[in-house]
Amino acid sequence: MPLHRGAMTGSHRTKVIACATVMEEIRPLLREGIQTQTLDFGLHSKPEALRKILQDAVNASEGLADTVVLGYGLCSLAVVGLRSRTCQLVVPRVDDCIGLFLGSQQAYREQSRRHPGTYYLTKGWIEAGDSPFHQQAELAKRHGHQRARRMAALSLNNYTRVAFIRTGEGGLGGYRAWAKRAGVEFGLRYEELEGSSRLIRKLVHGPWDDEILVVCPGREIRFEDFLPEGERNGEAVG
């Protein structure tokens, strides 16, 4: 089967699989007829379960698609070991979706270098309700407000900053205010970062260059595929 390294064009059948938060950014960029499957955001905290569900979704795509685009990065190794017998797999070369929302893995690494200890939030993550800030409310129902706050604070012990990434089109006021309040409550510095759809657009429209991993049918995704170019042992295609 020939590899299609450019984008989702022509009669080539493509399916996109992503969590709800990433799919919200991808869907407006898709041309009509592209298949999509949205997975539960909460799976990010369970990489083994995420890997199994992703593999099941890939398997179910065989015969229906020629290319499966995954809106996931390395994601705690959840994508390592994934393979398809008949589809090529296309994955952004990022550690996780923060790199997608910031526009590149390089931008993410720069933020990590300059501001270690950052808890990132987006509109989608706030809507998903899966963070220590959200969990405090549930813990308070069982343990009371003071104890719940201490428990939540422990999980944020290594963080010094809350960074809200502005993504999508408008309507972010309430989410920004929520993120700011969450930071203030736990004594974390609040900052806003301008998001970028650059890498998501490249994932959807191409070119599938070195920032995008393209894996041929029958080959597993490897951890080494996400290393810097000079450290990889062989290429994903070929």
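This is a predicted model: local features need pLDDT of at least 70, side-chain atom pairs count only at pLDDT 80 or more; totals for chains, interfaces and linings use all residues.
Me: What is the strand order in the open sheet?
Reply: The order is β2-β1-β3-β4-β8; the sheet has five strands, and the pairing is mixed.

Me: Which strands are at the edges?
Reply: They are β2 (35-39) and β8 (212-215), each of which pairs on one side only. On average, neighbouring strands of this sheet are turned by 20 degrees against each other, direction ignored.

Me: And β1 with β2, parallel or antiparallel?
Reply: Strands β1 (residues 14-19) and β2 run parallel, and five bridges join them.

Me: Which residue in β2 is the bridge partner of I17?
Reply: The partner is Q37.

Me: Which strands does helix α2 lie across?
Reply: Helix α2 (residues 47-61) lies across β1, β2, β3 (67-70) and β4 (88-92), and runs at about 165 degrees to β1.

Me: What about α9?
Reply: Helix α9 (residues 198-205) lies across β3, β4 and β8, with an angle of about 170 degrees to β4.

Me: Changing topic to α4: which residues there are buried?
Reply: In α4 (residues 105-114), the buried residues are Q105, Y108 and Q111. They are on the same side of α4, because they cover an arc of only 125 degrees around the axis.

Me: What do these buried residues pack against?
Reply: The buried residues of α4 pack against helix α3 (97-102) and against strands β5 (118-121), β6 (161-166) and β7 (189-194).

Me: Which exposed residues sit on the face turned away?
Reply: Q106 and R113 are the exposed residues carried by the face of α4 that is turned away from its buried side.

Me: How many aromatic pairs are there in the whole structure?
Reply: A search finds three. One of them is F101 with W125: the ring centres are 5.5 Å apart and the planes are at 75 degrees, so this pair is edge-to-face.

Me: Where do F101 and W125 lie?
Reply: F101 is in helix α3 and W125 in helix α5 (residues 123-128), so the pair ties together parts that are 24 residues apart in sequence. Both F101 and W125 are buried.

Me: What is the geometry of the Y108 and Y120 pair?
Reply: The pair of Y108 and Y120 is edge-to-face, with 5.9 Å centre to centre and 90 degrees between the planes. Y108 belongs to helix α4 and Y120 to strand β5, so the two residues are 12 residues apart and the pair links distant parts of the chain.

Me: Are Y108 and Y120 buried or exposed?
Reply: Y108 and Y120 are buried.

Note on methods:
Residues are numbered from 1 along each chain as its sequence is written. Side-chain values use heavy atoms; hydrogens and water are left out. Buried means under 20% relative accessible area, exposed over 50%, partly exposed in between (1.4 Å probe, protein chains only). Helices (H or I, at least four residues) and strands (E, at least two) are DSSP runs, numbered from the N terminus. The arc is that of the directions from the helix axis to the C-beta atoms. Contact means heavy atoms within 4.5 Å. Two strands pair if DSSP finds at least two bridges between them. Axes are lines fitted to C-alpha atoms, for helices over the stretch in contact, and angles run from 0 to 180 degrees between N-to-C directions. Rings of Phe, Tyr and Trp (its six-membered ring) pair if their centres lie within 6.5 Å; planes under 30 degrees apart count as stacked, over 60 as edge-to-face and the rest as tilted.
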